[in-house]
Amino acid sequence: MKQRLKAFFTPVRIFALTLFACIILALISIFSDTVSQALRTGLDTVIVPMQKGINSLGGVFYDHAVNLATREELEQQVTDLTGRIEDLQEENQRLAQDAYELSRLRRLYALDEQYASWPKTAARVIGSGSDNWDMEFTIDKGSNDGMRVDMNVIAGNGLVGIITEVYPNRSIVRSIIEDNSYVSGMLSSTGQICSVQGDITLMESGQIRVTDFSADTDVKAGDEIVTSNISDKYLQGILIGTVRDISADGSQITKSGTITPAADFENLQEVLVITTTKADLTGDGS
Amino acid sequence: MKYRLYQIVLIFVFFIVQTVFVPFIRVSGNGPELLLLLPVFFGFFGGPVNGIFVGVLAGILADVYGGTLLGTSAFLFVCFGYMSGKLLENVEQEEFFFPMMLTVLSAFLYECAMWFVLFVLHNRIDAGFFFTRKILPISLYTLAAGIALYFPVRCLDRKMRAAAGRGGKRNEKHLS
């Protein structure tokens, strides 16, 4: 029996059987997520601790390298920043007055809840997609830390992406510069709606595409784009980026162009996850 | 058994390096596909069955953590492992040029397949951009990684083979 089994398993037959198994696996995962979910959860117990460990090791070296930055650079920065502090103090005073007025007006309109600052939790980026074709990345918090699908992720003051998959100890974030990402945005000054789409041909230069501005929109380079009020996944008013260039489309019905994102995707190490989802605010969804 | 365990550990090590370190050495968004090297190398070192074994494990790992459909990379990696084992069956073990040729060919086919699955099927062909900015750079980068890693992996493999009491690929051929 053993002999016959051995005679049956020639390399060609093993090859054919493995390919067949791969196709079956693909077919199963088209129709249900259970296999891939189970595999991922199982592998996570091995891989996430290893990734975390290596990342913290890398962090030590990185910090050391940063400490070695030249003195002149730092001094230059100090002078620059002192100048900026003065500007900002002045601006801050003005804004404080505005904020006071705003809160008074909001109370009048009973809009407090919708605009209140959202609860956030910090997470560390522990890995990026293992292939060259997408910009997904992994953060070190999962369902055990209260992460849920569709939570918005920001870094600095700009939108980074949205959680698409959640596992016990980690979550996958799809960034807004990824090719299949779509965000409904609006011009912060006038509220004109537009679409913000990632594009692989622009990924290299760190830009994202903005389309569907109506032709009469008064938009120019430097204008800020924020997430719109009509988006069903993204909370309203998160800064996406600033318009880099814009031009009318061939049809003369719409305008499109590119945006420089506010978040720095090159050096993404720590991100903030907003633990309120749009579904929570609108009341549909759990 | 001990030898298989070593292969599994090596696959995990390559995977961790791929996800943690490769993002830092990407050039304009393109990095080497380290996991792809393993089936090609092991197909050459140990014959087609070895290539298939390493290919299916590395491929499933790449699929589970990558964005594509589960089974796509596994399918391609198995093909590369088998191809490497079969085509290089009679090539001297000391040879360097042929496995490298096969590495760059596999990388090229893999990236073409990714382009096909992710973009051509969605009616976004744009061949000029994808060939010059994604497929060729990634293939060459993978080749560079292959050149750098070939001798360390071969040296380690020979040690492990000796420790596990396994012969070269001719031995394997009789077994299977």
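Predicted model: local features only at pLDDT ≥ 70, side-chain atom pairs only at ≥ 80, totals over all residues.
The expected span of a helix is 1.5 Å times one less than its number of residues.

**View 1. Helices α3 and α4 of chain B pack against each other.** Two packed helices are described by the angle between their axes and the distance between the axes. The crossing of α3(B) past α4(B) is right-handed. On the α3(B) side, the contact residues include P48(B), G51(B), I52(B), G55(B), V56(B) and G59(B). From α4(B), those in contact include T72(B), A74(B), F77(B), V78(B), G81(B), Y82(B) and G85(B). Sorted by class, this contact holds 10 nonpolar, 7 polar and 1 charged residues.

View 2. The axes of α1(B), residues 2-20, and α2(B) come within 8 Å and cross at roughly 155°. The two helices are therefore roughly antiparallel to each other. The classes are 12 nonpolar, 2 polar and no charged residues.

**View 3. Helix α2 of chain B is mostly covered.** Of its 13 residues, 13 are buried. The helix runs over residues 34-46 and should span 18 Å; its end C-alpha atoms lie 19 Å apart, which agrees. G47(B) follows the helix and has a positive phi, near 95°.

**View 4. E33(B) sits in the loop between α1 and α2 of chain B.** Its relative accessibility is 5%, so E33(B) counts as buried. The C-alpha atoms of E33(B) and A164(B) are separated by 28 Å, the two residues being 131 residues apart along the chain.

**View 5. R170(A) is a buried loop residue that touches both chains.** R170(A) lies between β4 (158-166) and β5 (171-175) of chain A. Its relative accessible area is 1%. Leaving out residues up to four places away in sequence, R170(A) touches R40(A), D44(A), V48(A), T138(A), I139(A), D140(A), K141(A) and G142(A), together with Y65(B) of chain B. D145(A) is 25 residues from R170(A) along the chain, and their C-alpha atoms are separated by 9.0 Å.

**View 6. D212(A) and Q252(A) have positive phi although neither is a glycine.** Most residues other than glycine have a negative phi. In D212(A), phi is about 70°. This residue is in strand β8 (residues 208-214) of chain A. At 44% relative accessibility, D212(A) counts as partly exposed. In Q252(A), phi is about 65°. Q252(A) belongs to the loop between β10 (239-248) and β11 (254-261) of chain A. With a relative accessible area of 55%, Q252(A) is exposed.

Methods:
Residues numbered from 1 in each chain as written. Chains lettered and ligands numbered in written order. Heavy atoms only, no water. Helix = DSSP H or I, 4+ residues; strand = E, 2+ residues; numbered from the N terminus. Buried < 20%, exposed > 50% of the residue type's maximum accessible area, 1.4 Å probe, protein only. Left-handed = near helix turned anticlockwise from the far one by under 90°. Contact = heavy atoms within 4.5 Å. Nonpolar A, V, L, I, M, F, W, Y, C, P; charged D, E, K, R; others polar. Axes fitted to C-alpha atoms, helices over the stretch in contact; angles between N-to-C directions. Parallel < 35°, antiparallel > 145°, perpendicular 65-115°, else oblique.
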